[in-house]
Amino acid sequence: MGSLPLDAPMKPLDPHAIAGDSQAILEFLAEYYGDVDKYPVRAADLEPGRVRKLLPEAAPEHGEPMEHILEDVRRDILPGLTHWQSPRFFAFFPMNASSAGLAGEMLSVGLNVVPFVWAASPAAAELESVVVDWMARLFSLPRRFLFSGGGGGVLQGSTCEAVVCTLAAARDRALGRLGGHEAIARLVVYASDQTHATFQKGARLVGIPSSNFRVIRTSAASGYGLTAEAVRAAVDRDVGLGLVPLYLCATVGTTGLGAVDHVRELGEEARRHGMWVHLDAAYAGSAAICPEFQDYLDGAELADSVSMNPHKWFLTNMDCCCLWVARPRDLTSALSTDPEYLKNVGADGGGAGKPAAIDYKDWQISMSRRFRAIKLWVILRRYGAAGMRAHIRRHVAAAKWFEQRVAADERFEVVVPRRFSLVCFRLAPRFGRDDDDGDDATNHVNRDLLAAVNASGRAFMTHFVVDGKFVIRLAVGGASTELQHVMEVWDLLRGKAAEVLQHYVKPNGL
Ligand code: PLP
């Protein structure tokens, strides 16, 4: 496969070695993707410690050919993986990969430039500002999030990092207004019981007392979306106690159920108190490339920041999170640094009609950073907006098909109406052991059903619990997932349901 002879002097960036090693990896990956559907999506018989037992205790003293390394990957590593790119992976949320994503990632890691300040890699910094503007336009985000509208965006590794940055920006903005750091004990963050746990972690990290994190209950009546009314009640209570509302998170497409918060009314409520509003569209943001989903972002102009993860459902290999802010100054005031060792990189302060250079280190936590922009740029150019819309619509249509089958089968029920490509369902209570609708018994049956499906290796799904109900989640979104795979998983579920229910049926029948 073209690896260099091992006795050659080591030249880590030898062009022949780069070509040979990369070629070997590409052939390996092409074979893997040809076979990925043959692997159990998640092997059922794995135990902690298996891989450690297979591998030597110490790193090799001498280098080895790539062929040997790949043989070990095939033999020791692949069987222990959960195959996230299997077309039968329906767990969590999808984490897309694609040939364009791989190509873009190869360019990114291959060039390995580090655009922390503009001058450290001008084209990389500028490409990033162009790509985030392209993305904002594709999702019809308000103009205030574009660089030309006074805002701007950055590519980070995850929503978790992006959230910490926005919380720090909101904190410093508020503390500036309140006249000093002591006021931090009075700042309050609001989220719903469906908001991703990262907001709680982020609030802790930026010094907000845990007792000042409000988790507001949602209910089936609002489709588990957060309402302004509920926020108002919590805020009024806090203001009455002398506390200061700081930050409100609105989510479009919650992790557990795919629920949607009422962005406009939440934004209006938050503005009354000068709160920072963050709009988290980590998963469902990708759907906003289709006009029929853009209404879910209605009211986004009231937000201070918006984030979404192309690495979930936008054919982008890990990692990539877009964060847009309406006032970059809020972010950079909280995050900028000015160390001496960066002053020798040819500063460019803009001025006299020149656009200002962007130092992206001031838009994120770390200083060093990846050249993610080239990956997203390759993907957008390779598939185009039309290709991306087709990708999203294909999955939404398959999820809709599945939801209809679930609704039409009297043994099952859809627990919350589907909005995007996530279907939350379960075996209905009357098919549990308990005639009085007992959720414990129903939950038991559904746990067994999910375990049976996952143990088959022919699909992998995960669960959520809402209002005490154990819910099975089918998250359609794998890059190779087609309607046919969803049809097959429906057959599998029905078969496993029949087996599982046999253990629960009372002698007098159901
Ligand atoms: N927000 C939502 C709605 C999510 O679904 C997720 C992950 O699934 C996150 C945030 C966290 O994203 P990340 O893993 O990029 O930090």
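This is a predicted model: local features need pLDDT of at least 70, side-chain atom pairs count only at pLDDT 80 or more; totals for chains, interfaces and linings use all residues.
I started at the ligand, where one of its oxygen atoms sits 3.3 Å from an N or O atom in the side chain of lysine 312.

**Ligand, continued.** I looked for other polar partners. The side chain of aspartate 280 puts an N or O atom 2.6 Å from a nitrogen atom of the ligand. Asparagine 309 has a polar side-chain atom 2.7 Å from a ligand oxygen. Next I listed the shell and got 13 residues around the ligand, with Thr159, Cys160, Thr255, Asp280 and Asn309 as the closest. I sorted that shell by class and found 3 nonpolar, 8 polar and 2 charged residues. Which helices each supply at least two residues of the shell? I noted helix 6 (159-178) and helix 10 (310-313).

**Second largest pocket.** I moved on to the open space. The second largest pocket has a volume of about 480 Å³. I counted 22 lining residues, and the ones closest to the pocket's centre are Leu29, Tyr32, Tyr33, Gln85 and Ala97. By class I get 15 nonpolar and 7 polar residues in this lining, with no charged ones. Helix 1 (15-35), helix 3 (66-77) and helix 4 each bring at least two residues to the lining. Which helix gives the most? My tally says helix 1, with 7 residues.

Rolling a water-sized probe over the atoms shows where space is left empty. I find 4 cavities of 30 Å³ or more. The largest cavity holds about 50 Å³ of space. I wrote down its lining as Gly223, Tyr224, Leu257, Gly258, Ala259, Val416, Pro417 and Arg419. That lining splits into 5 nonpolar, 2 polar and 1 charged.

**Salt bridges.** Side chains of opposite charge can pair when their charged atoms come close. I searched the whole structure and got 30 salt bridges. I picked out the one between glutamate 105 and lysine 375, where the closest N and O atoms are 2.7 Å apart. Why did I flag this pair as tying together parts that are 270 residues apart in sequence? Glutamate 105 belongs to helix 4 (residues 99-111) and lysine 375 to helix 12 (residues 372-408), so the bridge links those two stretches. Helix 4 had already turned up in my notes for the lining of the second largest pocket.

Where is the cis peptide bond? I have it between methionine 318 and aspartate 319, with omega at about -5 degrees. Aspartate 319 falls in the loop between helix 10 and strand 7 (321-325), and helix 10 is one of the helices I noted for the ligand shell. I also marked asparagine 112, which has a positive phi of about 50 degrees although it is not a glycine. Asparagine 112 is in the loop between helix 4 and helix 5 (122-138).

Terms used. Residues are numbered from 1 along each chain as its sequence is written. Side-chain values use heavy atoms; hydrogens and water are left out. A residue is near a molecule or strand if one of its heavy atoms lies within 4 Å of it. A polar contact is a pair of N or O atoms within 3.5 Å; within protein, one must be able to donate a hydrogen and the other to accept it, and residues adjacent in sequence count only if both atoms are side-chain atoms. Helices (H or I, at least four residues) and strands (E, at least two) are DSSP runs, numbered from the N terminus. Ala, Val, Leu, Ile, Met, Phe, Trp, Tyr, Cys and Pro count as nonpolar, Asp, Glu, Lys and Arg as charged, and the others, Gly among them, as polar. On a 1 Å grid over the protein atoms alone, a cavity is a set of points where a 1.4 Å probe fits but cannot get out, and a pocket is an open set with protein on both sides within 12 Å along at least five of seven lines; lining residues have an atom within 4 Å of a point. Grid points are joined across faces, edges and corners, and a volume is the space filled by probe spheres set on the points. A salt bridge is a side-chain nitrogen of Lys or Arg within 4 Å of a carboxyl oxygen of Asp or Glu.
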